[in-house]
Amino acid sequence: MGCEAWTEKLDAYFDGELPASEARSLQQHLRECATCSALGLAKVQAKLVVKSAGQRFVPDPAFRARIEKSMTGRARSSGLSLSLKGRGWLPVFEIITVAAVVLIGAALFLTLHRERGEQQLISELVDQHVATLASANPVDVVSSDRHTVKPWFEGKIPFTFNLPELQGTPFVLVGGRVSYLSQSPGAELIFRVRQHQISVFLFQERGPTRMRENEAVQTALSFQVRSWRHNGLSYFVIGDASPQDLDKLSELMKAAG
Amino acid sequence: MIGWFTLVCVSEQSSLSGSFEELAMPLFDRLYNFAHWLTQDRQEAEDLVQETYAKALKGFSSFQQGTNFRAWIYQILRNTFLTSRTGLKSTATVPLDMESDSPMLPAVKDTPESILLQRSDRQLVQEALSRLPVPYREVLLLCEFEEMSYQEISATLAIPMGTVMSRLSRARQALRDTVRELHG
């Protein structure tokens, strides 16, 4: 299938409406085609802009209170129960089944909700990685010396971290910058391996930055993503280098603790 | 088989225990936001939301438990809007051919417009959204902001899935064009 046919499917893909088999083939194509990958990134960013722009109007709290009061009043006057309680007795085993179904449903909902949140989180970090690469000044502290980069973050982010010894490895520390995710400051470290740049993001493990799994291997818009949690921090390694390179850098970061 | 049947029946009964308030009030802020986008006026948006809640409460007993409550209440809001003076006025200006289940526009390449949209700020996109015809504005908001599936949008707007896709495609193109115009 040519690029034109794939680009026609990009909207459905990013809307989450493409059948799984086609989505897999499209993902494969995005990994291999820089043009379609760039177009995909533009579409994702456009979606995010519209999503953000969509939240514009906030109701007056007094209006909410009026509606709530009005709902209660109408329900009482019409004799309609708001909670539909007292619908009859359910046998004990059915109540247990109901509870089980509700619990399973809630668990499924929470899992799906969490997965969507995580995808959004990864997508934001990939955007930040791409923005860093495109920037004329990709790092705020330029140094390959970990003893320069680490102290630079003191007072700028609310936590500290260790950087690995890179001597004898193919990785070079380029520098670092302060990054923000869901209004929380964190560190973005840039490493180079051959001609590839890899971003390592560190954020406090809380709220939206908390990942579901202890460790995860993912891809987003053809970028390799590795993530894990350690000592109250969430780590995200993102880049277009080979999966082996990302695994190796992740291992070095983990070993540094 | 019997076990599955029991499970389905009980599952449907359990959803009945969800109260109208429990289902409807968490959607309040979003319904208001959507209503304000449609009416472009605070007072009209409040009237629209109030009428929607009143109709939804009245019709709650006929709501098919186990089906999509969000799509149901959004559908009530939209139908109420369409029969309002502002709604009638706004839809009267939309050409009918736009509503047809016509094929989607060809895919848009990485043109300057799409880059423009990608780099535009929130305020400019809000201005562009408010200038779109209502059918385009609502389908974009339901898809991008409400993150509804095509099926939910189809139920909410009472249009076939094919029309959802073609209208979305045209709405995205219209938004890009409007953003370009605003950029001058």
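Modeller: A crossing of two helices is called left-handed if the near helix is turned anticlockwise from the far one by less than a right angle, and right-handed if clockwise. Helices here are DSSP runs of H or I with at least four residues, strands are runs of E with at least two, and both are numbered from the N terminus. Residues are numbered from 1 along each chain as its sequence is written, and chains are lettered from A and ligands numbered from 1 in the order in which they are written. This is a predicted model, in which local features need pLDDT of at least 70 and side-chain atom pairs count only at pLDDT 80 or more, whereas totals for chains, interfaces and linings use all residues.

The pair lies in chain B, which has eleven helices and zero strands. The axes of helix 3 (residues 28-39) of chain B and helix 5 (residues 69-82) of chain B come within 11 Å and cross at roughly 25°; axes are lines fitted to C-alpha atoms, for helices over the stretch in contact, and angles run from 0 to 180 degrees between N-to-C directions. Helix 3 of chain B is therefore roughly parallel to helix 5 of chain B, a term for angles under 35 degrees, while those over 145 count as roughly antiparallel, 65 to 115 as roughly perpendicular and the rest as oblique. Helix 3 of chain B passes helix 5 of chain B in a right-handed crossing.

On the side of helix 3 of chain B, the contact is made by B:L31, B:F34, B:A35, B:L38 and B:T39, and on the side of helix 5 of chain B by B:I73, B:L77 and B:F81, where two residues are in contact if their C-beta atoms, placed from the backbone, lie within 7 Å. Sorted by class, this contact has seven nonpolar, one polar and no charged residues; Ala, Val, Leu, Ile, Met, Phe, Trp, Tyr, Cys and Pro count as nonpolar, Asp, Glu, Lys and Arg as charged, and the others, Gly among them, as polar.

Within chain B, confidence is highest in helix 3, at a mean of 95, and lowest in helix 1 (residues 2-16), at 36. Over residues 1-17 of chain B the pLDDT is below 50. Where pLDDT is low, the predicted coordinates should not be read in detail.

Conventions: pLDDT = per-residue confidence, 0-100.
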